[in-house]
Amino acid sequence: MAIMQGSFAHLVVGAIIVGVFASLLSGVHSYGVCYGTVADDLPPPSEVVQLYKSNGISTMRVYFPDSKVMEALRGSGIGLVLGVANEDIANLAACAPCAASWVQTNVRTYHPDVSVLYIAVGNEVDAPAAAQSILPAMRNLQAALAAAGLDGDIKVSTCVKLDVVTNTFPPSSGVFAQAYMTDIARFLAATGAPLLANVYPYFAYRGSNPGDISLSYALFQPGTTVRDGGSGLVYTNLLDAMVDSVHAALEKAGAPTVRVVVSETGWPSAGGAAATVQNAQTYVQNMIDHAGQGTPKKPGPLETYVFAMFNEDQKPGELTERNFGLFYPNKAPVYPVVFRR
């Protein structure tokens with residue numbers, strides 16, 4: 001069985017009760033859901049925050065600072081992964097005062113009323129730009145947080161797609177494909193921050209040769225077990241294998257203590273091969289039920305963010321990209337989910 005090492009890219013496990021669904025939260029260190037806004041018919045941020053709260057969703061990921069979202073989050077108790085927009089990274093990398101201003105405007109203004117957990121410097125930045133700017137931007141933002149006395153509460157990281165790791169099968173063979181990731185990994189180890197990784201079994205399954213990856217293995221369903229000959233560990237689902245390939249890469253980079261946070265994962269409900277409401281519900285529910293166990297290499301709760309809160313009708317690319325939502329823009333559920341510990 002081969003796991004494709006190509007781009008598992010795309011634009012997270014959230015504590016959700018949908019409408020009448022029961023919530024049985026506790027287990028994972030932090031559940032969350034990504035709040036994407038590439039749509040023209042979404043409810044206002046105040047209603048979105050209320051939807052998170054009424055459904056027991058404990059953490060949110062946003063992709064860039066938005067003052068209306070930040071104001072809506074004041075006093076909500078919702079933890080936040082606050083993104084730096086990709087187009088702002090180069091400026092923050094080149095200009096330490098700009099990083100200090102960014103922290104002042106987007107973090108200190110709302111602290112402690114808004115609980116920022118991580119600052120995510122970019123999302124799936126292409127390798128050439130990432131090599132030049134991500135780590136300098138991270139260092140400048142870390143220094144700005146330290147100057148503001150916030151570095152103990154807020155960690156600086158970046159969100160990567162899985163093609164930063166090569167040789168992903170078996171998982172123990174995972175190694176970073178680009179040299180700049182080694183420096184980032186060591187920065188994270190020094191600051192105690194996690195690496196944020198977008199991990200999509202759907203795209204790995206869809207992009208594989210027929211028969212290489214079974215649908216049941218991708219959906220956390222019984223029937224397939226894979227033994228890693230390098231580590232001796234046994235895998236029963238694709239997400240664990242993909243995450244453990246990142247763990248292996250971190251070890252090889254000299255950063256074995258760095259925790260992996262799954263900053264996006266999900267399954268589309270329409271628009272492509274195996275993209276059905278039933279498969280989306282099966283993946284998300286099974287993933288939630290499993291996440292508290294962690295992976296074979298790193299047992300224990302795995303912090304995970306479901307992508308995404310809403311279907312986003314303005315997203316470019318394939319139709320699947322517009323059908324990852326747990327909710328329709330009218331706040332009705334796309335499918336029922338019970339988020340457990």
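This is a predicted model: local features need pLDDT of at least 70, side-chain atom pairs count only at pLDDT 80 or more; totals for chains, interfaces and linings use all residues.
Student: Why are helices α5 and α6 called roughly parallel?

Tutor: The axes of α5, residues 127–147, and α6, residues 180–191, come within 10 Å and cross at roughly 15°. Angles under 35 degrees count as roughly parallel, and therefore α5 is described as roughly parallel to α6. The crossing of these two helices, α5 and α6, is left-handed.

Student: Which residues make the contact of α5 with α6, and how does it divide by class?

Tutor: From α5 the contact takes Ala127, Ala130, Ala131, Ile134, Leu135, Met138, Arg139 and Gln142, and from α6 it takes Tyr180, Asp183, Ile184, Phe187, Leu188 and Thr191. By class, this contact of α5 with α6 has 10 nonpolar, two polar and two charged residues.

Student: How do you know that the strands form a barrel, and in what order do they close?

Tutor: Eight strands close into a barrel in the order β1-β2-β3-β4-β5-β8-β11-β12, with parallel pairing. From one strand to the next, the twist averages 25°.

Student: What makes β8 and β11 count as paired?

Tutor: Two strands pair if at least two bridges are found between them, and strand β8, residues 195–198, is joined to strand β11, residues 260–265, over four bridges in the parallel sense. In this pairing leucine 195 stands opposite valine 260 of β11. Against the same cut-off of at least two bridges, β1 and β2 also qualify, pairing in the parallel sense over two bridges, and there cysteine 34 stands opposite arginine 61 in β2.

Student: How many bridges join β4 to β3 and to β5?

Tutor: Six bridges join β3 to β4, which run parallel, and glycine 79 stands opposite serine 115 of β4. Between β4 and strand β5, residues 155–161, four bridges are found, again in the parallel sense, with alanine 120 opposite serine 157 in β5. Strand β4 is mostly covered, since seven of its nine residues are buried.

Student: Which helices lie on these strands, and at what angles?

Tutor: Helix α4, residues 96–108, lies across β3 (79–84) and β4 (115–123), and runs at about 150° to β3. Helix α10, residues 277–291, packs on the sheet and touches β1 (31–34), β11 and β12 (304–306), its direction making about 165° with that of β12.

Student: Why is threonine 182 called partly exposed, whereas glutamate 124 is called buried?

Tutor: Buried means under 20% relative accessible area and exposed means over 50%, with partly exposed in between. Threonine 182 has 21%, so it is partly exposed, while glutamate 124 has 12%, so it is buried. Threonine 182 lies in helix α6, and glutamate 124 in the loop between β4 and α5.

Student: Which residues have a positive phi although they are not glycine?

Tutor: Glutamate 124 has a positive phi of about 55°, and alanine 274 has one of about 65°. Alanine 274 lies in the loop between β11 and α10.

Student: Where are cis peptide bonds found, and what is omega for each?

Tutor: One joins phenylalanine 169 and proline 170, with omega about -5°, and proline 170 is found in the loop between β6 (165–166) and β7 (175–176). Another joins phenylalanine 307 and alanine 308, with omega about 10°, where alanine 308 lies in the segment after β12.

Note on methods. Residues are numbered from 1 along each chain as its sequence is written. Side-chain values use heavy atoms; hydrogens and water are left out. Axes are lines fitted to C-alpha atoms, for helices over the stretch in contact, and angles run from 0 to 180 degrees between N-to-C directions. Angles under 35 degrees count as roughly parallel, over 145 as roughly antiparallel, 65 to 115 as roughly perpendicular and the rest as oblique. A crossing is left-handed if the near helix is turned anticlockwise from the far one by less than a right angle, and right-handed if clockwise. Contact means heavy atoms within 4.5 Å. Ala, Val, Leu, Ile, Met, Phe, Trp, Tyr, Cys and Pro count as nonpolar, Asp, Glu, Lys and Arg as charged, and the others, Gly among them, as polar. Buried means under 20% relative accessible area, exposed over 50%, partly exposed in between (1.4 Å probe, protein chains only).
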